[in-house]
Amino acid sequence: MAPSELRPMDRRADISTDAAIEQPQAQPGFGRNFGFLVHDVSRLIKRRFDRKARQTGLPITRRQASVILYIARNEGVGQSEVATWLDLEPIALVRMLDKLNDEGLVERRAHPTDRRVRTLWLTTAARPVVAQIVAINIAIREETFAGMAPHARDTVIDILGGIKENLVLRDEADYSPGSPSAGPDGVNQAIGKLAIAAG
């Protein structure tokens, strides 16, 4: 096609494209990068916990604290359930439990009816640690919601709870038997969708 046959560009379309690139908030669904925002909030809360734990002499990380709190609420839980809940590889959880056992905070016991299963229990020494973890969590929650009305806090938590439920349902549906995304290709599709959503 000869240059003379090219139609002149519609400058209005060009301007609207520029505006969409420069001001993504004007496009519904593209502004404020929800996935990144949630990730940053989570990262900053983890950092705050680790800093406060060091300041108070608590010798554990936030992930280890999560394990301890989960066991505190579910004494006798199996290792595989904790690994699933924390989305950890079993070997990574074993290393974490070894450290918590060495610290005298968690003990493993044989399952009463299944010799293949090891159950997890808190030691007496872990009780004051649980209290410290809870105190740190409360302090961070107050910092996180500083300046927000109580009903706004409840709304944020309710919305995040609803979002989590939606994602869990979608995840379960994607990996249910017979689902087209249950195989390796489906896993790649799911990862691609999450990457798009996070952007």
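**Questions on a predicted model**

Colleague: Is lysine 52 buried, partly exposed or exposed in this predicted model?

Modeller: Lysine 52 has a relative accessible area of 16%. Buried means under 20% relative accessible area. Lysine 52 therefore counts as buried.

Colleague: Which helix holds lysine 52, and which residues does lysine 52 touch, not counting those up to four places away in sequence?

Modeller: The helix that contains lysine 52 is H2, which covers residues 34-55. Once residues up to four places away in sequence are left out, the residues that lysine 52 touches are Ile136, Ala139, Ile140 and Glu143.

Colleague: How is the aromatic pair of tyrosine 70 and tryptophan 85 arranged?

Modeller: The structure holds one aromatic pair. Its rings, those of tyrosine 70 and tryptophan 85, lie 4.4 Å centre to centre, with 25° between the planes. Planes under 30 degrees apart count as stacked, so the arrangement of this pair is stacked.

Colleague: How many residues apart in sequence are the parts that this pair ties together?

Modeller: Tyrosine 70 belongs to helix H3 (residues 62-73), whereas tryptophan 85 belongs to helix H4 (residues 79-86). The pair therefore ties together parts whose separation in sequence is 15 residues.

Colleague: Over the face of which residue does arginine 109 lie?

Modeller: Arginine 109 is placed at 4.4 Å from a ring centre. The ring in question is that of tryptophan 121.

Terms used:
Residues numbered from 1 in each chain as written. Predicted model: local features only at pLDDT ≥ 70, side-chain atom pairs only at ≥ 80, totals over all residues. Heavy atoms only, no water. Helix = DSSP H or I, 4+ residues; strand = E, 2+ residues; numbered from the N terminus. Buried < 20%, exposed > 50% of the residue type's maximum accessible area, 1.4 Å probe, protein only. Contact = heavy atoms within 4.5 Å. Phe/Tyr/Trp six-rings, centres within 6.5 Å; stacked < 30°, edge-to-face > 60°. Lys NZ or Arg CZ within 6 Å of the ring centre and 35° of its normal.
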